[in-house]
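User: I would like to learn how to read an interface between two chains. Can you take me through one?

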Amino acid sequence: MPDLKQWALNCLNFWYLAKDKNLQWQQTHQDQEQLLKQSKAFAQKNLEAQLKTRSVQLEHEIALLRETHHAQLTMHKTKCKQDINDYKQYLDALDQLKAAIQNSYTHLPSAVAFTIHHHAKYLLNAMWEAKSNDEKMHREIQLIRFMSTVHEDARLYLEGATEQQLPENTLNMIQQK
Amino acid sequence: MLVRIPLWLLGSAFLLFIVLTILFNLHLLFLSELLLRVTTKIWFSGGVLLSLNGLAVIAHRIIRQLMMFFSVQSRFQRRLLFNLAKQAQFDLLHAGKAHYINYFCDLKRRHLLKVNDRKHILLLIKSIKQNLNNKRHKLPQAAFKQYRQQLKLYTRQQNLDNLLELQELLVTLL
C-alpha cells in the first residue's frame, strides 16, 4: 500500500514537472512566437493583396481578349465572304472562258471546250484547297498562265495570225498536267 | 477540459460496476441494487456528455471550415481561379468560332461548285445525247445501246469525268 501511494505521488510529480518545463519553454520563446504570428498575418495580407491585383489584371485581360477576338472573328467573316465572292467570280470567269472558246473556234467539238473548262476548274479548286501559301501561289500562277494561254490562242485564231485549227498551246498545257 | 468530465464519469461508473459485482457476490442485494441505479445514471450521463462533446467538435469544425471558405483569402483565390478558367475558355471558344466560320465558308464554296458542276453536266449530257443521236445510223446497234446505257449511268451518278471521257470517245470514234 505505501508502494502504491509512492508510485502515484511519483506520477503526479512527473506530471507537474512536465507542465513546468512546458511553461518555461513558452516563456523563453514568447518573443519568437509573437514574431511568427506577426509575420504570418503580414504574409496573409500580402497574399490577399497579390491575389486581388492578379484577379483585377486578369479581368482586364479577359475584357481585352473579348474585344480582340470579336474584332478578329468579324475580320475573318468578312474575309470568308470576300473569298466566296472571289470564287464566284472565278467560276463566272471560267464560264466566260468556255463561251469564248466556243465562240472563237466554232468548228471545235464541244468535248474539247468542256475538257478545257474542266481543266481550268481543276486548277481553280487545287489553288483553293492548297494548304500552304507557296503551293497556293504556284497553283494560282498555273491557273493564270492557263487562262492567258486560252485567251491568247483564241485571239490569234480570230486575228488569223495562226494556222492551227485547234488551241494547240492550251491542249499541250493540259497534256503536260 | 470538457472531454475529461465524461471520461471521468465513465471511468468511475466502470469502477462502480466492479464494486457492484463484488457486493452482489457477497449477497448484499439492497446495496448492490442501490449502487446499480446510481452507476447506470452515471454511465448514461457520461455517455450523453461524450456524445454532446462529439457533436460540439463537429459543429466547431463545420463553422471553422465555413469561416475559411468565406475568408478573404479563399474568396480572392476562387476569383483568380475562375478568371483563369474563363481566359482558357475564351481561347477555346475563339478557336471553335473560327473553325465554325471556316466550315460554313467551305460549305458555301462547295455548294457553288456543285451548282456550277450541275449546270455544266446538263450541258454535257445534252451535247452527248445530240452526238449519239446524230451518229446513231453510223454506229452498230450494240455499241449504240452500250453508249446510251453508259450515258444513263453517268447521268444518274452525275460523274463529270466519265461523261467527258464518253464525249471524247464519241468524238474520236467517228
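Analyst: We go through the interface, then chain B by itself. This is a predicted model, where local features need pLDDT of at least 70, side-chain atom pairs count only at pLDDT 80 or more, and totals for chains, interfaces and linings use all residues. Residues are numbered from 1 along each chain as its sequence is written, chains are lettered from A and ligands numbered from 1 in the order in which they are written, and side-chain values use heavy atoms, with hydrogens and water left out.

User: What is the area buried between chain A and chain B?

Analyst: The size of an interface is often given as the accessible area lost when the parts come together. Here about 3500 Å² is buried between chain A and chain B (accessible area lost, 1.4 Å probe, summed over both parts). Carbon and sulfur atoms give 67% of that area. In contact are 37 residues of chain A and 36 residues of chain B (heavy atoms within 4.5 Å).

User: How many salt bridges are there between chain A and chain B?

Analyst: A salt bridge puts a side-chain nitrogen of Lys or Arg within 4 Å of a carboxyl oxygen of Asp or Glu. Between chain A and chain B the count is four. Arg79(B) pairs this way with Glu59(A), with the closest N and O atoms 3.2 Å apart.

User: Which element gives the largest share of the side of chain A that touches chain B?

Analyst: Helices are DSSP runs of H or I, at least four residues; strands are runs of E, at least two; both are numbered from the N terminus. The largest share, 26 residues, comes from α2(A).

User: How many helices and strands does chain B have?

Analyst: Chain B has five helices and zero strands.

How values were computed. Buried area = accessible area lost by both parts, 1.4 Å probe.
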